[in-house]
Amino acid sequence: MRIAVFPGSFDPLTIGHEEIIRKALPLFDKIYVAIGENANKKYCFPLEKRQQWIRQVFAHEPAVEVAVYKGLTVDFCREVNAHFILRGLRNSMDFQYEKDIAEANRRLAPEVETIFLLSSPELAHVSSSLVRELYHHQGNYSEYVSFEL
Ligand code: ADP
């Protein structure tokens with residue numbers, strides 16, 4: 001079984017995240033979309049909602065499972081026997097940030113490999129923070145999320 005963990009805040013899940021997950025589906029037998037809960041971090045949307053939206057979007061994809069974890073991503077990977085961490089890259093800023101995290105995770109858990117998938121150029125500007133900004137100011141976020149916030 002090739003098992004991957006796609007970790008993130010998903011505050012909320014965007015069509016950018018969705019694209020990465022769909023592109024990864026042929027590569028893995030199971031993908032845990034894993035919501036990392038950090039007690040010190042303020043989220044815009046409640047955990048229940050963030051979970052529910054991901055479940056809804058991937059209701060017809062049995063390979064996708066939604067999970068919530070606390071602590072280190074690599075510890076969660078070990079817990080579910082995942083040998084891959086999936087991350088999306090939009091631009092060189094994402095790359096600079098992600099390669100350090102991947103290196104740190106590799107040192108903690110050499111058996112877990114981080115796999116990067118590139119977003120398509122049309123979605124490279126999409127982010128959860130953009131959606132939150134639009135949501136707060138009654139802007140139209142509907143082209144970035146596939147459900148009602
Ligand atoms: P985090 O809080 O860890 O940044 P996010 O929920 O914002 O979590 O993102 C999770 C993953 O999804 C990250 O790998 C991020 O680079 C990726 N991602 C976010 N938006 C997009 C997008 N528009 N296209 C491709 N990947 C994306």
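**A guided tour from the ligand outwards**

Select the ligand first: 17 residues surround it, and Ser9, Phe10, Gly88, Leu123 and Val126 are the closest (a residue is near a molecule if one of its heavy atoms lies within 4 Å of it). The model is predicted, so local features need pLDDT of at least 70 and side-chain atom pairs count only at pLDDT 80 or more, while totals for chains, interfaces and linings use all residues. Residues are numbered from 1 along each chain as its sequence is written, and side-chain values use heavy atoms, with hydrogens and water left out.

At Gly88, a backbone N or O atom lies 2.7 Å from an oxygen atom of the ligand. At Phe10, a backbone N or O atom is 3.0 Å from an oxygen atom of the ligand. At Val126, a polar backbone atom is 2.9 Å from a nitrogen atom of the ligand. The ligand taken alone exposes 550 Å², of which the protein buries 87% (accessible areas by the Shrake-Rupley method with a 1.4 Å probe).

Now colour the shell around the ligand. Its residues comprise six nonpolar, six polar and five charged; Gly counts as polar, and Asp, Glu, Lys and Arg as charged. At least two shell residues come from each of β1 (3-8), α1 (15-24), β4 (84-89) and α4 (92-108). These elements are DSSP runs (helices H or I, at least four residues; strands E, at least two), numbered from the N terminus.

Proceed to Pro12, in the loop between β1 and α1. The peptide bond from Asp11 to Pro12 is cis, with omega near 0°. Then select Asn81, in the loop between α3 (73-79) and β4. Asn81 has a positive phi of about 60° although it is not a glycine. Most residues other than glycine have a negative phi, and most peptide bonds are trans.

Finally, show the aromatic rings: the whole structure holds eight aromatic pairs (ring centres within 6.5 Å; planes under 30 degrees apart are stacked, over 60 edge-to-face, the rest tilted). Phe28 and Phe84 form a tilted pair, 5.4 Å centre to centre with 50° between the planes.

Key
A polar contact is a pair of N or O atoms within 3.5 Å; within protein, one must be able to donate a hydrogen and the other to accept it, and residues adjacent in sequence count only if both atoms are side-chain atoms. Rings of Phe, Tyr and Trp (its six-membered ring) pair if their centres lie within 6.5 Å; planes under 30 degrees apart count as stacked, over 60 as edge-to-face and the rest as tilted.
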